[in-house]
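Student: Hi! Could you walk me through this model while I have it open?
Tutor: Happy to, let's bring it up.

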Amino acid sequence: GCAGVLAAALGRRNGLGGVDVAVLAVYLTVFYSLVFGLAGAVVAGLLRLRRGPLSPRRLVGWSAGTGLGLLVAVNAMLRFPLSYGPLSSRQAFVHPLGLASALVFLAAVPVIAAALGEGGRRGLRTLAVWLVLFASACAVNLSLERAPGAGPRDLAGLEPSPAPAGRPQRVLVLGFDGLAWEVLVPMIRRGELPHATALLRRGARASLATLVPTKSPRIWATLASGQPPRVHGIAGFTKFRLPGMNGALGDAPHLTAITWWNGLDRVLLAARRRALATEEPYFRFERRVPSLWEVADHHGLASGVLRWPTLWPVDVPQSGGFRVSDFSPRPGALYPPEAAGAVAPARPLPAAWRDHPAVRHDPVLRAAWEDGEADVGRALRLLDRFPTRAAFVYLHTLDAIHHLRWRGERWWIAAPTVGDGAMPEAIAASYRLFDRWLGELLATAGDDCLVILVSDHGFRFDGLQHHRGPAGVLIAAGAGVRPGAVADGASVYDLFPTLAAVLDLPLAADLPGRVLAELFQSGVLRAPAIVPSYGWYRAERDAGAERSPSAEEEEIERLRALGYVN
């Protein structure tokens, strides 16, 4: 029963056919049979030790209860924030309330087993008591979850500076993965980020409610397309292909995420280790709806994209511009061929940053800085050589540094946040370097350019990182923006319709987001045309872009090193 229900849910989320769902149900049936069979063997042994009668009813009831209890306990510990931090983020973080909750959750094993095994009023009373404790622990966990440490309204004291009037003629979107208000706000207040401060003074801002789970590729695909993952088809970093199944498995309902409790993760990893299944990244042709730059290209606007997630193999723009997915020599990584000259040379870190105390004895941090420095150098050269109406630049350095160099060691919920001076120097120095990069990128934009700084999610520095979906950052500055404006209720769905309105592009009727008109001066944005859908779009694979198993495995290994994939 569990296998059938879960297989049907996973099949619906992943667009699997009936045959694939049936094969998946077989895999899960085998797993659940092992779980409940093991539980039955343990129960039989314990009952033998107690010298109790091994009646079929007791054996089946206790075995089923033990198996269900284990599933409930593990799912509950991974679902609630104060309990699952240490299991999913490699941090030395233990919360006493989380420990108490874990004990209540684990009590599901003997309690449900006893209730189902013994039956009668006593068993039902026992189960009812546990359910009350279980619900109470869940409620306490949810009620005491930390609120975001900082947000755009905490910068109300910044004096706005005038912005150019009129409509923006160009758009530059700077995507910084993991850029967090919780770090930006205290550092801006201390005067450590002059370029970000200047951008905020002449710009408008918002917190972007994000998607949970916060797997970056699925959120960046939503930012680019305006659609949820179930529509655009990008579910995370990687997907699995199991023998006998035509479709790939990558998405699941949130409460039964395939990477955790339901056991499918074990099946997939075991099959991968034995070369029975393959794990692969997502590709551009698997996105089922067009990105904003593809809509712009379709309507004759030149666009450029640098390193946006799931961009390989790149599309060939018909209206000019550039596409750069990564820097390996495999076909399909960039267009036009002349872009190779702008991409090839890697700009080195300046001497002052190479000798910075934060990286002197930290080769991992140095490598992250060097990678970001090279990306910024490439972005500047591409923007200079290929004029565009809209350009999209993605940099992942900040997210990697957050994951690699923040180590929470908190024992209570009232522990200080980064705003209280508890920020590791590696992160503070990385934000100062980010501010330098931001200054260089802003210098390429003129007065007629709308610059939008955006992140997919923030961070909560209390041992949970971004697992519970802290809001991302949006800062808009340039022609037509209303300095000092703050948009409430914004989300990652709103970037696409807002940029479409700026660029006079039509909007599909099924887009869930809205135009953030409150960020702009009156009369700047025109009401966009509404079309039923982008029916012209076809997510076709480029026949000339052959897959490279070595490049794909190298990318997956990099994701494993960061803890993004198992």
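**Sheet, helices and a few residues**

Tutor: Strand 6 (residues 321-324) and strand 7 pair in the antiparallel sense over 2 bridges; helices (H or I, at least four residues) and strands (E, at least two) are DSSP runs, numbered from the N terminus, and two strands pair if DSSP finds at least two bridges between them. This is a predicted model, where local features need pLDDT of at least 70 and side-chain atom pairs pLDDT 80 or more, while totals for chains, interfaces and linings use all residues. Residues are numbered from 1 along each chain as its sequence is written, and side-chain values use heavy atoms, with hydrogens and water left out.

Student: Which residue of strand 7 is the bridge partner of Val324?

Tutor: That is Leu334.

Student: Which helix packs on the sheet by touching strand 2 and strand 10?

Tutor: Helix 8 (residues 181-189) does, touching strand 2 (203-208) and strand 10 (472-478). Contact here means heavy atoms within 4.5 Å. The direction of helix 8 makes about 55° with that of strand 10; axes are lines fitted to C-alpha atoms, for helices over the stretch in contact, and angles run from 0 to 180 degrees between N-to-C directions. Helix 9 (residues 194-201) packs on the sheet too, touching strand 2, strand 9 (449-454) and strand 10.

Student: What is the strand order in the sheet?

Tutor: The sheet is open, with 9 strands in the order 7-6-5-8-1-9-10-2-11 and mixed pairing. Strand 7 (334-335) and strand 11 (486-487) are at the edges with a single partner strand each, so one side of each has no neighbour in the sheet.

Student: New topic: at what angle do helix 18 and helix 19 cross?

Tutor: Roughly 175°, and the axes of helix 18 (residues 397-405) and helix 19 (residues 425-443) come within 10 Å. The two helices are therefore roughly antiparallel, a label for angles over 145 degrees.

Student: And which residues make the contact?

Tutor: Helix 18 brings Thr397, Leu398, Ile401, His402 and Arg405, and helix 19 brings Ala426, Ile427, Ser430, Tyr431, Phe434 and Trp437.

Student: How many aromatic pairs are there in the whole structure?

Tutor: A search finds 15; rings of Phe, Tyr and Trp (its six-membered ring) pair if their centres lie within 6.5 Å, and planes under 30 degrees apart count as stacked, over 60 as edge-to-face and the rest as tilted. The rings of Trp308 and Tyr394 have centres 6.4 Å apart and planes at 55°, so this pair is tilted. Trp308 sits in the loop between strand 5 (303-306) and strand 6, and Tyr394 in strand 8 (residues 390-395), so the pair ties together parts 86 residues apart in sequence.

Student: Are Trp308 and Tyr394 buried or exposed?

Tutor: Both are buried. Buried means under 20% relative accessible area, exposed over 50% and partly exposed in between (1.4 Å probe, protein chains only). Ring pairs also link Trp220, Trp293, Trp308, Phe392 and Tyr394 into a cluster.

Student: Where is Glu373, and what is it in contact with?

Tutor: Glu373 lies in helix 17 (residues 363-385). Glu373 has a relative accessible area of 1%, so it counts as buried. Leaving aside neighbours within four places in sequence, Glu373 is in contact with Arg347, Pro348, Leu349, Pro350, Leu433, Arg436 and Trp437.

Student: Last one: how many residues of helix 20 are buried?

Tutor: In helix 20 (residues 495-502), 8 of the 8 residues are buried, so this helix is largely enclosed by the rest of the structure. Asp504, which follows helix 20, has a positive phi near 60°.

Technical notes:
Parallel < 35°, antiparallel > 145°, perpendicular 65-115°, else oblique.
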